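Reader: Please give me a close look at one part of this model, and then connect that part to the rest in a single account. I would like the cut-offs stated as the terms come up.

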Amino acid sequence: MFSNLSEKLSNVLLPLKQRKLTESNIKDAMREVRTALLDADVAFSVVLDFVQNVQQKAIGQTVARQTQPGDAFIKLVHESLVEVMGGANDRLDLDGGSHPNVVLLAGLQGVGKTTTVIKLAKLLKEREDKQVAVVSADVYRPAALEQLEILAQEAGVRCIPSNIDDNPEKIVTSALSDSQKQFDEVLIVDTAGRLTVDDTMMAEITKLHKVLQPRETLFVVDAMTGQDAAATAKAFQEALPLSGVILAKADADTRGGAALSVRSVLGKPIKFIGTGEGIDSLEPFHPDRIASRILGMGDVLSYIEEAERKLDHKKAQRLGKKIVSGRKFNLDDMRDQLSQFVEMGGRKSMLDMLPNLGSMNAKVKDIDEAEIQKQCVIIDSMTTRERLFPNLVSNSPSRKKRIATGSGTRVQDVNLTLRKFQQLEKQMKRMGRKKHLSRAMAAMNPENLKMN
């Protein structure tokens, strides 16, 4: 995410950390920053305002003695990026007096509205403990109704059925009544889209808004459309009182133009950002964290929050106690560690979240996730006794051959997995002797995940 823009800005700004700042090199740097932002498809007006704002603040700025001028300048750029994107996370307003609180999603066809409905429903159900229902008013695309039902079942949220023979107003009126009877706290409504903005679509969604009186009206925009996203959002705002934006498909956009344009052009906050294709890949939009990612500073807070949600804490505690007590590390423990790395999003997630630390990032890039998954399959092909006592496999060619056949791999792959296990086992023994439980996380060091 934002990798192209991040790389270009890093190339411009990082050299300034080692130099004395002057009006001349500040202007030169901001000229390069302007080019990088325009290449990232940020709206021209936003770029001009941003560059002018940073330049005016930077020239003649007083820097504290303990702070390097270059660091102060990068901090200023970071603060300005945060300001452009809205300052702070803007939560949904779901504290209305009557239930359900209606959330209406609007946007063009193909931006991922239907999937976003489910992502949002799952997020509200799991993280905010809301009772959520979803409904589709898109009668022009029969697959949309079926898609919503299937995804809702996968996410564990209630889907109110709708029929393509009904008109959208009837569908939402009936859904609102149904949701009230079921005491839902939130009703999320999916609406029809078109390939381009047209009068028919706008007239329909305006009527739906009047019927539903939604608490939140969110515009879903494809991040890959760049500054066009802001222009489209503006057209929708003329027809609807938008309360915010959801930036979809941001994981596929390496530029970042939409994220930096929408807030300034529209004057409405980006409330969520899509970080992948899975139904759990929607995150609250934090401008300060996104700015840190863009400047190569990483996003450790988001990574920690992700770990809190996705890691199996019982397994982690069990492994920690095992290390401290000196009990033997086994192949089940190794598989749990590898599986949790994959569950956390693997290499891509680490590169998105970690600061640019040079050699550390290079090690992350060297991780072969296909090999990690292969190791898990190999371990799963062993018997319980073999996983508990790896030496049984190490000393038996016939067992290795059977495991390789069962996992669809080669005996060489089994040997590599065993060698990796022996390396991890030695590390665990060292940690146990030192009694430093915090060092258990070193086992997830990128260097330890590579096949040797």
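Author: Phe183 sits in the loop between α7 (168-181) and β4 (186-190); helices (H or I, at least four residues) and strands (E, at least two) are DSSP runs, numbered from the N terminus. The model is predicted, so local features need pLDDT of at least 70 and side-chain atom pairs count only at pLDDT 80 or more, while totals for chains, interfaces and linings use all residues. Residues are numbered from 1 along each chain as its sequence is written, and side-chain values use heavy atoms, with hydrogens and water left out.

Although Phe183 is not a glycine, its phi is positive, at about 60 degrees. Phe183 is exposed, with a relative accessible area of 66%; exposed means over 50%, buried under 20%, and partly exposed in between (1.4 Å probe, protein chains only). Asp129 also has a positive phi, about 55 degrees, without being a glycine. Asp129 belongs to the loop between α5 (113-127) and β2 (132-136) and is exposed at 65% relative accessible area.

Next comes the nonpolar surface. Leu38, Phe44 and Leu48 make a nonpolar patch of about 260 Å². Such a patch takes residues with over 30% relative accessible area and no salt bridge, joining nonpolar side chains (Val, Leu, Ile, Met, Phe, Trp, Tyr) within 5 Å; like charges are joined within 9 Å. The areas come from the Shrake-Rupley method with a 1.4 Å probe, and for residues only the protein chains shown count as cover. Leu48 is part of helix α3 (residues 44-58) and is partly exposed at 37%.

The side chains of Glu83 and Lys57 form a salt bridge (3.7 Å, N to O), from helix α4 to helix α3, 26 residues apart. A salt bridge is a side-chain nitrogen of Lys or Arg within 4 Å of a carboxyl oxygen of Asp or Glu, and the count is 22. Lys57 is partly exposed at 38%.

Another salt bridge joins Lys271 and Asp90 (3.7 Å, N to O). Lys271 is in strand β7 (residues 270-274) and Asp90 in the loop between α4 and β1 (101-106), 181 residues apart. Lys271 is buried at 4%, whereas Asp90 is partly exposed at 31%.

Arg335 and Asp380 pair at 2.7 Å, N to O. They connect helix α14 (residues 331-343) with helix α17 (residues 369-380), 45 residues apart. Arg335 is buried at 19%, while Asp380 is partly exposed at 46%. Salt bridges with shared partners join Asp332, Arg335, Asp380 and Arg387 into one network.
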